[in-house]
Amino acid sequence: GPARRRRLSSERDGTRGGMEETDLHGAEVGAATDKVTRLLSAVSELKMSALKVIYGQGKNSEMGRAKVGPAVREFLAGQHIAFIEAQDGGSLIVPLS
């Protein structure tokens, strides 16, 4: 119906084809998971197709900063939210359909 057509066109109009992106480089673990929580509730209302969470590889970061990636993965798993590891090794994608 018309609702479906409208949703497809709004996804096409959106930047990055309906994928929301957040960069958590250098964030503290608690702040990072809070931000992911807020974004996931926001993007579900925005009808985005995916959420990309960038946390970096943590190689040249201060001690403890490399924990953001594992913490976000653990958090998503605990919420039973599926995600895909991006091939760059520094981000993951949460499909939202």
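User: Which strand does β3 pair with, and in what sense?

Analyst: Strand β3, residues 84-85, pairs with β4 in the antiparallel sense, over 2 bridges. Keep in mind that this is a predicted model.

User: What about the hairpin of β3 and β4: how many residues sit between the strands?

Analyst: There are 5 residues between them, and G89 in this hairpin takes a positive phi near 75 degrees.

User: Now the helices. How do I describe two packed helices?

Analyst: You give the angle between their axes and the distance between the axes. Here, take α2 (residues 29-46) and α3 (residues 68-78): their axes come within 9 Å and cross at roughly 45 degrees.

User: Why is α2 called oblique to α3?

Analyst: Angles under 35 degrees count as roughly parallel and 65 to 115 as roughly perpendicular. The crossing at roughly 45 degrees therefore makes α2 oblique to α3. As for handedness, the crossing of these two helices is right-handed.

User: Which residues make the contact?

Analyst: On α2, it's V29, A32, T33, V36, T37 and L40; on α3, V68, A71, V72, F75 and L76. Sorted by class, that contact has 9 nonpolar residues, 2 polar ones and no charged ones.

How values were computed:
Residues numbered from 1 in each chain as written. Predicted model: local features only at pLDDT ≥ 70, side-chain atom pairs only at ≥ 80, totals over all residues. Heavy atoms only, no water. Pairing = 2+ DSSP bridges. Helix = DSSP H or I, 4+ residues; strand = E, 2+ residues; numbered from the N terminus. Axes fitted to C-alpha atoms, helices over the stretch in contact; angles between N-to-C directions. Parallel < 35°, antiparallel > 145°, perpendicular 65-115°, else oblique. Left-handed = near helix turned anticlockwise from the far one by under 90°. Contact = heavy atoms within 4.5 Å. Nonpolar A, V, L, I, M, F, W, Y, C, P; charged D, E, K, R; others polar.
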